[in-house]
Amino acid sequence: MNPYLIIFLLVLVYFVTLMYFYVAGRRDRQDVSKARRQYLTLKQQVNPHFLFNSLNVLDGLVLKGEREEASRYIHQLSSIYRYMLKTETLQLISLKEELIHARTYADLLHVRFPDGFQTEFQIPYEDYDMQVVPCSVQLLIENAVKHNAVLASNPLIIKISSDGYSVYVTNNIIPKKSKSPSHGVGLDYIRRQYSDSCRREIEVRQTDSQFTVRLPLLTFNTAYIT
C-alpha cells in the first residue's frame with residue numbers, strides 16, 4: 001500500500017477513535033437523548049462522501065508522484081478533523097476561526113476541482129471577532145458542491161461575505177444532469193444549531209440563478225450557553 005495512503009488512514013483511525021471515546025465518556029455523564037443528539041451532530045459533520053472523495057484525490061496525487069502536494073493535502077485534511085473535534089461541544093466559534101476552517105475545506109475542493117470551482121471571501125476585518133455556529137460556513141460550501149454541477153466550462157462560484165450583522169454564502173445555480181434528491185439535512189442542522197444556541201433564524205433565498213443563505217453574526221451575549 002502507498003505510504004501516503006497509510007499515513008492518511010492512520011490519521012483517520014486516530015481521529016475516529018478519539019471521537020468514539022470522547023462521545024462514550026460524555027454518555028456516562030449525560031442523559032441518553034443528549035448523547036444521541038451529539039452523535040447525530042458529529043455524524044452530520046463527518047460526511048462519508050467527503051472521506052471517500054478525499055481518499056480518491058490523495059490516491060491520484062500519489063500516483064502522479066506529487067509528494068509535496070500529497071503531504072500538504074494530508075495536513076489540511078487533518079486540520080479539518082481537528083477543527084471538528086475542537087468545536088463538537090461548542091455552540092459558537094469566532095468568524096475568523098470558522099473562515100480559516102472554511103478556506104482549508106475549500107482548498108481541498110480546489111484540488112479535486114482545479115478548473116470548475118471558485119471561492120471568493122469578502123469579509124471585513126472588523127467582523128472577525130463576531131460569532132457563528134461551528135462548521136456552518138463549511139457545510140454551506142459542501143452543500144453548494146453537492147447540489148450543483150462543477151464544470152470547467154461553467155465554474156461553480158461560491159461567495160462568502162458579511163456586513164457586520166450577517167454572513168452571506170451565495171453560489172450560482174448549475175443544475176446537474178442527474179439530480180439526486182435533496183433532503184435538506186445540512187440546512188436543517190444549521191437551523192437547529194442556531195435555534196438551540198441563540199434562538200435566531202437563518203434565511204434562505206433562491207432565484208433562478210442564485211442560492212443564498214444568510215447566517216446571523218452573533219456575540220457571546222446573544223447565545224444561550226448551557
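Student: Which helix does Leu 51 lie in?

Tutor: Leu 51 lies in helix α3, residues 48–63. Helices are DSSP runs of H or I with at least four residues, strands are DSSP runs of E with at least two, and both are numbered from the N terminus. This is a predicted model, in which local features need pLDDT of at least 70 and side-chain atom pairs count only at pLDDT 80 or more, while totals for chains, interfaces and linings use all residues. Residues are numbered from 1 along each chain as its sequence is written, and side-chain values use heavy atoms, with hydrogens and water left out.

Student: Is Leu 51 buried or exposed?

Tutor: Leu 51 counts as buried because its relative accessibility is 16%. The cut-offs are under 20% relative accessible area for buried and over 50% for exposed, with partly exposed in between (1.4 Å probe, protein chains only).

Student: And what separates the C-alpha atoms of Leu 51 and Leu 77?

Tutor: A distance of 9.3 Å separates them, although the two residues are 26 residues apart along the chain.

Student: Which residues of α4 meet α5?

Tutor: In α4 they are Glu 69, Tyr 73, Gln 76, Leu 77, Ser 79, Ile 80, Tyr 83 and Lys 86. Among their counterparts in α5 are Glu 97, His 101, Tyr 105 and Leu 108. Contact here means heavy atoms within 4.5 Å.

Student: At what angle do the axes of α4 and α5 cross?

Tutor: The axes of α4 (residues 67–87) and α5 (residues 95–112) cross at roughly 145 degrees and come within 10 Å. Axes are lines fitted to C-alpha atoms, for helices over the stretch in contact, and angles run from 0 to 180 degrees between N-to-C directions.

Student: Changing topic: what is the strand order in the open sheet?

Tutor: The open sheet has five strands in the order β2-β4-β5-β7-β6, with mixed pairing. Two strands pair if DSSP finds at least two bridges between them. The edge strands, each pairing on one side only, are β2 (117–122) and β6 (203–206).

Student: How many bridges join β5 to its partners β4 and β7?

Tutor: β4 (residues 156–162) and β5 (residues 166–172) pair in the antiparallel sense over five bridges. Between β5 and β7, which also run antiparallel, there are seven bridges. Ile 160 has Val 169 in β5 as its bridge partner, and Tyr 168 stands opposite Arg 214 in β7.

Student: What happens in the hairpin of β4 and β5?

Tutor: That hairpin has three residues between the strands, and Gly 164 takes a positive phi near 95 degrees.

Student: Which helices lie on this sheet?

Tutor: α5 lies across β2, β4 and β5, running at about 165 degrees to β2. Helix α6 (residues 136–147) also packs on the sheet and touches β2, β4, β5 and β7 (210–216). The direction of α6 makes about 160 degrees with that of β4.

Student: Why is β5 described as largely enclosed?

Tutor: Seven of the seven residues of β5 are buried, so the strand is largely enclosed by the rest of the structure. Both faces are covered: one side has Ser 166, Tyr 168, Thr 170 and Asn 172, and the other has Val 167, Val 169 and Asn 171.

Student: What does Val 167 touch?

Tutor: Not counting residues up to four places away in sequence, the residues that Val 167 touches include Leu 95, Val 132, Val 137, Ile 160 and Leu 215. Val 167 is also one of the residues with the most contacts inside the largest nonpolar core, among them Phe 117, Ile 141 and Tyr 194.

Student: How many residues does that core have?

Tutor: The core has 53 residues, and α4 gives the largest share, eight residues. A nonpolar core is a set of buried Ala, Val, Leu, Ile, Met, Phe, Trp, Tyr and Cys residues joined through side-chain atoms within 4.5 Å.

Student: Which residues other than glycine have a positive phi?

Tutor: Cys 135 has a positive phi of about 70 degrees, and Arg 199 has a phi near 55 degrees. Cys 135 is in the loop between β3 (131–132) and α6 and is buried, with a relative accessible area of 0%. Arg 199 lies in the loop between α7 (185–198) and β6 and counts as exposed, at 62% relative accessibility.

Student: Finally, how many helices and strands does the chain have?

Tutor: The secondary structure comes to seven helices and seven strands. Of the 226 residues of the chain, 45% count as buried.
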